[in-house]
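Hello,

Here is the structure I promised to send over. My notes on it follow below.

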Amino acid sequence: MTGVTAAVISGMFAIIVLAPLRAQSPIPPNAPAVQAAPIVPVVRAAPAVQHIEKRDGNAVNFDFIVSNPGPDTITLRAIELIVRDTLGAVVSRRLIDSNGFGPGIYLVPDRVWAPGATRVVFNPFSTFPDRFSIADLHYTLRFSRASGDPELVSDLHVRPVAYRQHAQLTLPVNGTLLVYDGHDFYSHHRRMDYLHPVAQGVGISKNFSRYAYDFVRVDGAATMKREGVAGNGAYFGFGEPVLAPAAGIVVAAVDVQPDNEDGKDYFDPSKLRENPMSLYGNHIVIDHGNGEFSALGHLRRGSIVVQAGQRVKQGDVVGQIGSSGSSFFPHLHYELRTGAGLDVEGLPSVFDSFLRVYGAIARPGSGAIDSGDFVRSTRRH
């Protein structure tokens with residue numbers, strides 16, 4: 001009995017000691033290699049807060065920032081959206097992908113990311129009918145890999161909030177105006193690639209003009225300029241008074257840049273690093289309080305009649321329409337924003353006391369406006 005017991009005990013100890021050693025033994029040469037899980041692209045929304053803007057329906061103006069942290073070159077193949085209401089029910093599904101002869105994914109011009117690359121993708125699904133209750137926007141982005149399957153899938157949930165504007169704005173120019181370029185999906189204001197190397201090189205990191213407008217004065221035939229007249233004077237708007245859209249304190253007033261005219265372009269992009277706001281040429285920024293600022297740009301040189309620190313009332317004349325800065329022809333650039341410089345975000349804006357002009361018909365309006373709209377102020381300044 002004693003000998004048998006000792007043998008069993010010895011065997012038990014052998015098992016306890018040898019088991020770990022067997023686990024650490026080398027992998028057999030013919031064993032299949034363990035594949036590392038592919039690294040999924042990182043997708044986030046910019047700006048950090050996504051606002052619901054009331055237009056003809058609802059708009060949620062934001063971008064995807066897509067980063068490729070993996071070792072593979074990847075290509076965006078599809079974007080899908082599922083819209084859910086406040087009860088979590090699905091109210092809409094949208095998709096653009098690579099199918100067909102003219103695939104919807106072509107709306108994204110640059111769809112290839114090298115390892116380590118980060119790029120802006122302008123969100124193609126950003127407008128919704130009034131009948132939608134928008135609580136959750138679930139975006140799914142699908143990518144192929146240069147090395148083959150499997151595809152990579154990134155999900156992003158956006159829960160937008162309605163923007164509550166504090167300042168009561170009126171149009172900053174009298175007469176009939178064309179919103180020559182607003183901030184719809186096709187607008188250059190909306191499509192500012194602030195991650196582009198040139199933008200980064202001059203210190204641009206946010207889309208301050210996300211909700212901007214270019215206002216152009218037009219005549220009764222909806223034309224912008226007089227036939228047979230040369231120079232800036234051909235434009236109906238050149239020299240027209242620019243008005244404070246709401247009361248506030250002027251925090252910037254610059255009136256030194258010449259107006260571009262007939263191919264003479266005095267705007268120097270190389271100066272943006274030292275003076276970022278030279279993008280606007282002669283300009284005024286008004287602080288309305290509550291984190292809302294109005295920027296009015298491309299003003300006529302020598303026309304600004306206010307200075308920094310001055311308080312203005314709604315409707316006060318502050319300058320004239322010009323063509324200074326990054327401007328191809330006389331117009332007024334206007335935007336509501338979160339601060340005075342370029343390191344700020346744009347804000348949705350709505351206007352009071354104006355007419356929406358539809359040819360020979362003009363109807364009272366208030367609210368948001370955008371590219372292609374004709375409007376006329378009814379406020380008596």
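**Pockets and sheets**

The largest pocket holds about 630 Å³ of space. This is a predicted model: local features need pLDDT of at least 70, side-chain atom pairs count only at pLDDT 80 or more, and totals for chains, interfaces and linings use all residues. Residues are numbered from 1 along each chain as its sequence is written, and side-chain values use heavy atoms, without hydrogens and water.

A pocket here is an open set of points on a 1 Å grid over the protein atoms alone, where a 1.4 Å probe fits, with protein on both sides within 12 Å along at least five of seven lines; lining residues have an atom within 4 Å of a point. Volume is the space filled by probe spheres set on the points, which are joined across faces, edges and corners.

In the largest pocket, 26 residues form the lining, and His188, His189, Met192, Leu279 and Ser326 lie nearest the centre. The lining has 14 nonpolar, 9 polar and 3 charged residues (nonpolar: Ala, Val, Leu, Ile, Met, Phe, Trp, Tyr, Cys and Pro; charged: Asp, Glu, Lys and Arg; polar: the others, Gly among them).

The second largest pocket holds about 330 Å³. Its lining has 19 residues, with Arg55, Asp56, Ile369, Asp370 and Asp373 nearest the centre. By class, 7 are nonpolar, 5 polar and 7 charged.

Strands are DSSP runs (E, at least two residues), numbered from the N terminus; two of them pair if DSSP finds at least two bridges between them. E4 (residues 63-67) and E8 share 5 bridges. Phe64 faces Val121 in E8.

Best wishes

Key:
Helices (H or I, at least four residues) and strands (E, at least two) are DSSP runs, numbered from the N terminus.
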